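Me: I would like to go through a model with you. Could we take the overall layout, then the details?

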Amino acid sequence: MIKFENISKTYKTKTSVIQALTDVSAVIDAGEIYGVIGLNGAGKSTMIKILTGILKQDKGKVFINGLEPSAKEKYRRQYCVTYQNFGLDMHLSVRSNLELHGMLFGLGKFELKKRVNDVLSRFDLEQYENSRTNELSGGYRKRVQIARNFMLDVPVLIFDEPTVGLDPIIKNSFLSDIKSYAKKGCTIVITTQVLEEAEKLCDKIAVLHKGKILDVNTPQIFKSKYSKQNQAILYTGQIDDALILEVQKRLDKETDSFTSDKFCITITSTNDTAYLLELVNKISSSIKIRINSVEIKNSSLEDVFVSIAKED
Ligand code: ADP
(Lines give C-alpha, C1' and ligand atoms only; values in the text may rest on other atoms or scores of the structure.)
Protein backbone atom coordinates (compact mmCIF):
# COMPACT_ATOMS: atom_id res chain seq x y z
CA MET A 1 0.00 0.00 0.00
CA ILE A 2 1.15 3.52 -0.84
CA LYS A 3 0.21 6.58 1.17
CA PHE A 4 0.83 10.23 0.37
CA GLU A 5 -0.07 12.42 3.33
CA ASN A 6 -0.39 16.15 2.61
CA ILE A 7 2.70 16.38 0.45
CA SER A 8 3.83 19.86 -0.59
CA LYS A 9 6.89 20.76 -2.62
CA THR A 10 8.32 24.03 -3.93
CA TYR A 11 11.29 24.49 -6.23
CA LYS A 12 13.35 27.57 -5.56
CA THR A 13 15.37 28.92 -8.46
CA LYS A 14 17.42 32.13 -8.57
CA THR A 15 14.51 34.01 -10.07
CA SER A 16 11.39 32.28 -8.84
CA VAL A 17 9.65 29.97 -6.41
CA ILE A 18 7.52 27.29 -8.05
CA GLN A 19 4.85 25.55 -6.03
CA ALA A 20 4.96 22.11 -7.71
CA LEU A 21 2.72 20.22 -5.25
CA THR A 22 0.24 21.45 -2.66
CA ASP A 23 -1.20 19.15 0.01
CA VAL A 24 -1.29 16.05 -2.15
CA SER A 25 -2.83 13.04 -0.40
CA ALA A 26 -3.57 9.58 -1.78
CA VAL A 27 -4.05 6.02 -0.62
CA ILE A 28 -3.26 3.30 -3.15
CA ASP A 29 -4.14 -0.26 -2.20
CA ALA A 30 -2.23 -3.42 -3.06
CA GLY A 31 -3.19 -4.70 -6.49
CA GLU A 32 -4.56 -1.34 -7.58
CA ILE A 33 -3.59 0.42 -10.81
CA TYR A 34 -3.54 4.11 -9.94
CA GLY A 35 -3.24 6.60 -12.75
CA VAL A 36 -2.13 10.18 -12.30
CA ILE A 37 -3.21 12.30 -15.22
CA GLY A 38 -2.30 15.90 -15.79
CA LEU A 39 -1.02 18.37 -18.32
CA ASN A 40 2.66 19.26 -18.65
CA GLY A 41 3.87 20.91 -15.48
CA ALA A 42 0.99 19.55 -13.36
CA GLY A 43 3.44 17.99 -10.88
CA LYS A 44 3.31 14.33 -11.92
CA SER A 45 7.08 13.75 -12.05
CA THR A 46 7.57 15.60 -8.79
CA MET A 47 5.04 13.27 -7.17
CA ILE A 48 6.91 10.23 -8.53
CA LYS A 49 10.31 11.55 -7.47
CA ILE A 50 9.03 12.11 -3.94
CA LEU A 51 7.51 8.62 -3.90
CA THR A 52 10.83 7.10 -4.92
CA GLY A 53 12.72 9.15 -2.36
CA ILE A 54 15.01 10.92 -4.83
CA LEU A 55 13.38 14.22 -3.96
CA LYS A 56 12.47 15.36 -0.46
CA GLN A 57 9.12 17.01 0.11
CA ASP A 58 8.88 20.27 2.09
CA LYS A 59 5.87 19.04 4.00
CA GLY A 60 3.93 15.82 4.51
CA LYS A 61 4.81 12.14 4.54
CA VAL A 62 5.02 9.33 2.06
CA PHE A 63 4.87 5.60 2.84
CA ILE A 64 5.22 2.36 0.92
CA ASN A 65 3.98 -0.58 2.92
CA GLY A 66 4.38 1.43 6.11
CA LEU A 67 7.98 2.41 5.39
CA GLU A 68 9.26 5.94 4.77
CA PRO A 69 12.14 6.80 2.39
CA SER A 70 14.34 7.28 5.47
CA ALA A 71 14.27 3.45 5.78
CA LYS A 72 16.68 3.60 2.80
CA GLU A 73 17.52 0.09 1.54
CA LYS A 74 14.33 -1.44 2.97
CA TYR A 75 12.28 1.27 1.25
CA ARG A 76 14.26 0.94 -1.96
CA ARG A 77 13.40 -2.75 -2.18
CA GLN A 78 9.68 -2.02 -2.24
CA TYR A 79 9.57 -0.64 -5.77
CA CYS A 80 10.97 -0.45 -9.30
CA VAL A 81 10.55 2.74 -11.28
CA THR A 82 10.72 3.91 -14.88
CA TYR A 83 11.43 7.63 -15.01
CA GLN A 84 10.68 9.76 -18.04
CA ASN A 85 14.18 10.66 -19.08
CA PHE A 86 16.79 8.83 -17.15
CA GLY A 87 17.67 5.74 -15.21
CA LEU A 88 19.89 3.83 -17.62
CA ASP A 89 23.66 3.84 -17.88
CA MET A 90 24.07 5.00 -21.47
CA HIS A 91 27.61 3.62 -21.78
CA LEU A 92 26.66 0.09 -20.79
CA SER A 93 25.09 -2.48 -23.07
CA VAL A 94 21.42 -3.33 -22.80
CA ARG A 95 22.22 -6.66 -21.13
CA SER A 96 24.65 -5.03 -18.68
CA ASN A 97 22.04 -2.44 -17.70
CA LEU A 98 19.58 -5.20 -16.89
CA GLU A 99 22.19 -7.29 -15.08
CA LEU A 100 23.32 -4.34 -13.01
CA HIS A 101 19.76 -3.67 -11.94
CA GLY A 102 19.23 -7.31 -10.91
CA MET A 103 22.56 -7.42 -9.06
CA LEU A 104 21.67 -4.30 -7.08
CA PHE A 105 18.55 -6.13 -5.94
CA GLY A 106 20.65 -9.12 -4.91
CA LEU A 107 19.56 -11.67 -7.52
CA GLY A 108 21.81 -14.76 -7.65
CA LYS A 109 23.76 -15.55 -10.82
CA PHE A 110 21.39 -18.22 -12.12
CA GLU A 111 18.20 -16.30 -11.38
CA LEU A 112 19.71 -13.11 -12.81
CA LYS A 113 20.52 -14.76 -16.13
CA LYS A 114 17.08 -16.33 -16.33
CA ARG A 115 15.25 -13.09 -15.67
CA VAL A 116 17.43 -11.00 -17.99
CA ASN A 117 16.88 -13.49 -20.82
CA ASP A 118 13.17 -13.52 -20.10
CA VAL A 119 12.69 -9.74 -20.38
CA LEU A 120 15.06 -9.48 -23.37
CA SER A 121 12.79 -11.88 -25.18
CA ARG A 122 9.48 -10.45 -23.90
CA PHE A 123 10.42 -6.95 -24.97
CA ASP A 124 11.96 -8.03 -28.26
CA LEU A 125 15.38 -6.74 -27.27
CA GLU A 126 17.52 -9.81 -27.97
CA GLN A 127 19.01 -8.38 -31.13
CA TYR A 128 20.23 -5.33 -29.18
CA GLU A 129 21.42 -7.03 -26.02
CA ASN A 130 25.07 -6.20 -26.72
CA SER A 131 24.47 -2.72 -28.14
CA ARG A 132 25.45 0.24 -26.06
CA THR A 133 22.33 1.91 -24.71
CA ASN A 134 23.27 5.29 -26.20
CA GLU A 135 23.18 3.71 -29.66
CA LEU A 136 19.50 2.85 -29.32
CA SER A 137 16.56 4.99 -30.45
CA GLY A 138 14.42 6.68 -27.80
CA GLY A 139 11.69 4.05 -28.18
CA TYR A 140 14.13 1.19 -27.60
CA ARG A 141 15.67 2.88 -24.58
CA LYS A 142 12.17 3.14 -23.18
CA ARG A 143 11.73 -0.59 -23.77
CA VAL A 144 14.88 -1.32 -21.80
CA GLN A 145 13.68 0.86 -18.93
CA ILE A 146 10.32 -0.86 -18.85
CA ALA A 147 11.85 -4.34 -19.22
CA ARG A 148 13.98 -3.55 -16.19
CA ASN A 149 10.90 -2.78 -14.12
CA PHE A 150 9.41 -6.17 -14.88
CA MET A 151 12.56 -8.11 -13.97
CA LEU A 152 12.06 -8.21 -10.24
CA ASP A 153 9.34 -9.27 -7.84
CA VAL A 154 8.70 -6.03 -6.00
CA PRO A 155 5.40 -5.03 -4.42
CA VAL A 156 5.18 -1.67 -6.24
CA LEU A 157 5.85 -0.73 -9.86
CA ILE A 158 6.03 2.93 -10.83
CA PHE A 159 5.95 4.27 -14.38
CA ASP A 160 6.35 7.95 -15.27
CA GLU A 161 4.79 8.47 -18.72
CA PRO A 162 5.91 5.03 -19.86
CA THR A 163 4.24 4.70 -23.23
CA VAL A 164 5.74 7.79 -24.90
CA GLY A 165 7.77 6.52 -27.87
CA LEU A 166 6.65 2.88 -27.66
CA ASP A 167 5.39 1.22 -30.82
CA PRO A 168 1.80 -0.07 -30.67
CA ILE A 169 2.71 -3.76 -30.32
CA ILE A 170 5.09 -3.27 -27.41
CA LYS A 171 2.67 -0.75 -25.91
CA ASN A 172 -0.17 -3.27 -25.89
CA SER A 173 1.97 -6.00 -24.44
CA PHE A 174 3.19 -3.55 -21.78
CA LEU A 175 -0.38 -2.62 -20.88
CA SER A 176 -1.42 -6.24 -20.55
CA ASP A 177 1.70 -6.99 -18.45
CA ILE A 178 0.64 -4.21 -16.10
CA LYS A 179 -2.80 -5.74 -15.71
CA SER A 180 -1.46 -9.19 -14.97
CA TYR A 181 1.04 -7.87 -12.40
CA ALA A 182 -1.77 -5.99 -10.67
CA LYS A 183 -3.88 -9.16 -10.61
CA LYS A 184 -1.03 -10.85 -8.77
CA GLY A 185 -1.24 -8.13 -6.11
CA CYS A 186 1.39 -5.70 -7.37
CA THR A 187 0.54 -2.03 -6.80
CA ILE A 188 0.99 0.08 -9.92
CA VAL A 189 1.38 3.84 -10.16
CA ILE A 190 1.41 5.26 -13.63
CA THR A 191 1.47 8.86 -14.83
CA THR A 192 0.22 9.69 -18.27
CA GLN A 193 -1.18 12.34 -20.53
CA VAL A 194 -2.81 9.70 -22.70
CA LEU A 195 -6.25 9.71 -21.19
CA GLU A 196 -7.59 6.84 -23.24
CA GLU A 197 -4.85 4.66 -21.82
CA ALA A 198 -5.66 5.66 -18.26
CA GLU A 199 -9.29 4.96 -18.93
CA LYS A 200 -8.62 1.42 -20.16
CA LEU A 201 -5.98 0.53 -17.63
CA CYS A 202 -6.58 2.17 -14.29
CA ASP A 203 -8.78 1.24 -11.37
CA LYS A 204 -8.57 4.80 -10.10
CA ILE A 205 -7.57 8.02 -11.76
CA ALA A 206 -6.32 11.11 -9.95
CA VAL A 207 -6.47 14.39 -11.81
CA LEU A 208 -3.45 16.47 -10.91
CA HIS A 209 -3.70 20.11 -11.93
CA LYS A 210 -1.29 22.87 -10.97
CA GLY A 211 0.09 20.71 -8.16
CA LYS A 212 -3.25 19.80 -6.61
CA ILE A 213 -5.30 16.64 -6.87
CA LEU A 214 -8.65 17.91 -8.08
CA ASP A 215 -10.45 14.58 -7.97
CA VAL A 216 -9.88 10.84 -7.61
CA ASN A 217 -12.33 8.35 -9.00
CA THR A 218 -12.82 5.29 -11.15
CA PRO A 219 -12.79 6.11 -14.87
CA GLN A 220 -16.51 5.24 -15.04
CA ILE A 221 -17.49 7.61 -12.23
CA PHE A 222 -15.37 10.37 -13.72
CA LYS A 223 -17.18 10.12 -16.95
CA SER A 224 -20.68 10.06 -15.55
CA LYS A 225 -19.84 12.82 -13.06
CA TYR A 226 -18.20 15.25 -15.42
CA SER A 227 -19.54 14.37 -18.84
CA LYS A 228 -21.40 17.33 -20.15
CA GLN A 229 -23.29 15.31 -22.70
CA ASN A 230 -24.29 11.68 -22.48
CA GLN A 231 -26.21 9.79 -25.10
CA ALA A 232 -28.62 6.88 -25.17
CA ILE A 233 -28.94 5.33 -28.60
CA LEU A 234 -32.04 3.17 -28.96
CA TYR A 235 -32.00 0.71 -31.84
CA THR A 236 -35.68 0.10 -32.48
CA GLY A 237 -38.13 -1.64 -34.74
CA GLN A 238 -39.68 0.64 -37.35
CA ILE A 239 -40.97 3.87 -35.79
CA ASP A 240 -43.44 6.44 -37.07
CA ASP A 241 -44.20 10.06 -36.19
CA ALA A 242 -46.80 9.14 -33.57
CA LEU A 243 -44.27 7.01 -31.68
CA ILE A 244 -41.64 9.71 -31.94
CA LEU A 245 -44.09 12.17 -30.42
CA GLU A 246 -44.70 9.78 -27.52
CA VAL A 247 -40.95 9.50 -26.90
CA GLN A 248 -40.57 13.25 -27.10
CA LYS A 249 -43.24 13.75 -24.40
CA ARG A 250 -41.14 11.77 -21.93
CA LEU A 251 -38.00 13.88 -22.32
CA ASP A 252 -37.01 16.74 -20.06
CA LYS A 253 -37.10 19.85 -22.25
CA GLU A 254 -34.45 21.59 -20.15
CA THR A 255 -31.81 18.90 -20.40
CA ASP A 256 -32.61 16.50 -23.23
CA SER A 257 -32.71 16.62 -26.99
CA PHE A 258 -33.12 13.92 -29.58
CA THR A 259 -32.74 12.92 -33.20
CA SER A 260 -34.28 9.96 -34.95
CA ASP A 261 -34.51 8.00 -38.14
CA LYS A 262 -36.70 5.00 -38.97
CA PHE A 263 -34.88 2.49 -36.76
CA CYS A 264 -32.90 4.55 -34.28
CA ILE A 265 -33.52 7.22 -31.66
CA THR A 266 -30.62 9.13 -30.15
CA ILE A 267 -31.31 10.97 -26.91
CA THR A 268 -28.65 13.45 -25.82
CA SER A 269 -28.76 14.71 -22.25
CA THR A 270 -26.74 16.83 -19.90
CA ASN A 271 -27.90 14.45 -17.15
CA ASP A 272 -25.84 11.46 -16.10
CA THR A 273 -25.93 7.85 -17.27
CA ALA A 274 -28.26 6.75 -14.46
CA TYR A 275 -30.84 9.30 -15.61
CA LEU A 276 -30.61 8.07 -19.19
CA LEU A 277 -31.05 4.44 -18.16
CA GLU A 278 -34.13 5.36 -16.16
CA LEU A 279 -35.51 7.32 -19.09
CA VAL A 280 -35.02 4.38 -21.44
CA ASN A 281 -36.81 2.20 -18.90
CA LYS A 282 -39.70 4.66 -18.75
CA ILE A 283 -39.96 4.77 -22.54
CA SER A 284 -39.86 1.00 -22.99
CA SER A 285 -42.40 0.32 -20.25
CA SER A 286 -44.91 3.03 -21.17
CA ILE A 287 -44.84 3.07 -24.99
CA LYS A 288 -45.46 0.22 -27.41
CA ILE A 289 -42.02 0.43 -28.96
CA ARG A 290 -39.69 -2.39 -29.86
CA ILE A 291 -36.19 -1.69 -28.55
CA ASN A 292 -33.68 -4.19 -29.93
CA SER A 293 -30.68 -2.76 -28.12
CA VAL A 294 -29.52 0.30 -26.25
CA GLU A 295 -26.11 1.90 -26.33
CA ILE A 296 -25.05 4.44 -23.71
CA LYS A 297 -22.24 6.77 -24.75
CA ASN A 298 -20.30 9.07 -22.44
CA SER A 299 -18.04 11.81 -23.59
CA SER A 300 -14.40 10.74 -23.48
CA LEU A 301 -12.15 11.14 -20.50
CA GLU A 302 -10.38 13.82 -22.50
CA ASP A 303 -13.56 15.95 -22.48
CA VAL A 304 -13.89 15.24 -18.78
CA PHE A 305 -10.37 16.40 -18.05
CA VAL A 306 -10.74 19.56 -20.07
CA SER A 307 -13.92 20.39 -18.20
CA ILE A 308 -12.33 19.72 -14.77
CA ALA A 309 -9.30 21.83 -15.66
CA LYS A 310 -11.58 24.66 -16.84
CA GLU A 311 -13.58 24.60 -13.61
CA ASP A 312 -10.36 25.29 -11.65
P1 ADP B 1 4.83 17.12 -14.87
O2 ADP B 1 5.61 15.88 -14.64
O3 ADP B 1 3.37 16.97 -14.58
O4 ADP B 1 5.07 17.69 -16.24
P5 ADP B 1 6.70 18.35 -13.01
O6 ADP B 1 6.56 17.65 -11.72
O7 ADP B 1 7.85 17.99 -13.89
O8 ADP B 1 5.32 18.23 -13.83
O9 ADP B 1 6.78 19.92 -12.75
C10 ADP B 1 5.88 20.62 -11.89
C11 ADP B 1 6.31 22.08 -11.86
O12 ADP B 1 7.57 22.18 -11.20
C13 ADP B 1 6.50 22.72 -13.22
O14 ADP B 1 6.09 24.07 -13.14
C15 ADP B 1 7.98 22.62 -13.46
O16 ADP B 1 8.44 23.64 -14.32
C17 ADP B 1 8.54 22.79 -12.06
N18 ADP B 1 9.81 22.04 -11.87
C19 ADP B 1 10.01 20.72 -12.00
N20 ADP B 1 11.28 20.39 -11.71
C21 ADP B 1 11.93 21.54 -11.39
C22 ADP B 1 13.26 21.87 -10.99
N23 ADP B 1 14.20 20.94 -10.84
N24 ADP B 1 13.54 23.17 -10.75
C25 ADP B 1 12.59 24.13 -10.86
N26 ADP B 1 11.31 23.89 -11.23
C27 ADP B 1 10.97 22.62 -11.48
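Predicted model: local features only at pLDDT ≥ 70, side-chain atom pairs only at ≥ 80, totals over all residues.

Me: How many helices and strands are in the chain?

Reply: The chain has 11 helices and 13 strands. Helices (H or I, at least four residues) and strands (E, at least two) are DSSP runs, numbered from the N terminus.

Me: What does the C-alpha trace span?

Reply: Along its principal axes, the trace covers about 75 × 45 × 35 Å.

Me: Which domains is the chain divided into?

Reply: Domain 1 covers 2-224 and domain 2 covers 226-311; the bounds come from an automatic or database domain assignment. Taken over C-alpha atoms, the centres of domain 1 and domain 2 are separated by 40 Å.

Me: And how much of the chain counts as buried?

Reply: Of the 312 residues, 35% count as buried. A residue is buried if 20 or more other C-beta atoms lie within 10 Å of its own, exposed if 12 or fewer, and partly exposed in between, with C-beta atoms placed from the backbone.

Me: What share of the contacts comes from residues 24 or more positions apart?

Reply: Such pairs account for 69% of the contacts with a separation of 6 or more. Two residues are in contact if their C-beta atoms, placed from the backbone, lie within 7 Å.

Me: Which residues does Ala147 touch?

Reply: Not counting residues up to four places away in sequence, Ala147 touches Leu98, Val119, Phe123 and Leu125.

Me: What does β12 pair with?

Reply: Strand β10 (residues 230-236) runs antiparallel to β12 and is joined to it by six bridges, with Leu234 opposite Ile265. Strand β11 (residues 256-261) also pairs with β12 in the antiparallel sense, over six bridges, and Asp256 stands opposite Ser269. β11 and β12 form a hairpin with two residues between them. Pairing requires that DSSP finds at least two bridges between two strands.

Me: Changing topic: which residues are around the ligand?

Reply: The shell consists of Tyr11, Thr13, Ile18, Ala20, Gly38, Asn40, Gly41, Ala42, Gly43, Lys44, Ser45 and Thr46. A residue is near a molecule if its C-beta atom, placed from the backbone, lies within 6 Å of it.

Me: Which elements give two or more residues to that shell?

Reply: They are β2 and α1 (44-51), and α1 gives the most, with three residues.

Me: How does the shell divide by class?

Reply: It has four nonpolar, seven polar and one charged residues. Ala, Val, Leu, Ile, Met, Phe, Trp, Tyr, Cys and Pro count as nonpolar, Asp, Glu, Lys and Arg as charged, and the others, Gly among them, as polar.

Me: Where does β2 find its partner β1?

Reply: Strand β1 (residues 2-12) pairs with β2 in the antiparallel sense over eight bridges, and the two form a hairpin with four residues between them. Val27 in β2 is the bridge partner of Lys3.

Me: Asn6 lies in β1. What is its phi?

Reply: Asn6 has a positive phi of about 50° although it is not a glycine. Asn6 counts as partly exposed because it has 13 C-beta neighbours inside 10 Å.

Me: And Glu161, buried or exposed?

Reply: Glu161 counts as buried because it has 20 C-beta neighbours inside 10 Å. Glu161 lies in the loop between β6 (156-160) and α6, and has a positive phi of about 45°.

Technical notes:
Residues numbered from 1 in each chain as written.
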